[in-house]
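Let's take a friendly walk through a protein fold together. Have a look at the picture, and then we will go through the strands, the core and the rings.

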Amino acid sequence: MEFNVEHTFSKEEAKQRIVMALSQNRTKIPPEVTVEEERWDGNTLHFGFTVQGQSITGYLEVRDKEYYIGAKLPWMLKLFEGRIKQ
């Protein structure tokens, strides 16, 4: 699954907003979700987590005018790809 989300911030501010959102919401992660990877490589966040036995991995790249998200969904979640993108 790949999609983009437009933003109006500078690249650095856009990245900082993601960093802040992750930090502020970390305590809200339900117990059935296990975060396995959260690693920045420049302006790209590599992530991986498991929810109810389903593993999702991918990346979020901060670009000049958009966030570009690429994720590998397990077969069961591909049925909900459209809803996830929304």
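Valine 5 has tyrosine 67 of S5 as its bridge partner. Strands here are DSSP runs of E with at least two residues, helices are runs of H or I with at least four, and both are numbered from the N terminus. This is a predicted model, where local features need pLDDT of at least 70, side-chain atom pairs count only at pLDDT 80 or more, and totals for chains, interfaces and linings use all residues. Residues are numbered from 1 along each chain as its sequence is written, and side-chain values use heavy atoms, with hydrogens and water left out.

**The sheet**

S1 and S5 pair in the antiparallel sense over five bridges; two strands pair if DSSP finds at least two bridges between them.

**The core**

Tyrosine 67 comes back here: together with Ile56 and Leu60, Tyr67 touches the most other members of the largest nonpolar core, which has 14 residues. Such a core is a set of buried Ala, Val, Leu, Ile, Met, Phe, Trp, Tyr and Cys residues joined through side-chain atoms within 4.5 Å. Helix H1 (11-25), S3, strand S4 (54-62) and S5 each give two or more residues to this core. Not counting residues up to four places away in sequence, tyrosine 67 touches, among others, Phe3, Val5, Ile18 and Leu60; contact means heavy atoms within 4.5 Å.

**Buried or exposed?**

Buried means under 20% relative accessible area, exposed over 50%, and partly exposed in between (1.4 Å probe, protein chains only).

| Residue | Relative accessibility | Class |
|---|---|---|
| Lysine 72 | 62% | exposed |
| Tyrosine 59 | 26% | partly exposed |
| Tyrosine 68 | 16% | buried |
| Threonine 44 | 16% | buried |

Lysine 72 lies in strand S5 (residues 66-72), and threonine 44 is in strand S3 (residues 44-51). Leaving aside neighbours within four places in sequence, threonine 44 is in contact with residues including Tyr59 and Leu60.

**A charge over a ring**

What sits over the ring of tyrosine 68? The charged end of arginine 63 does, 4.2 Å from the ring centre. This label requires NZ of Lys or CZ of Arg within 6 Å of the ring centre and within 35 degrees of the ring normal.
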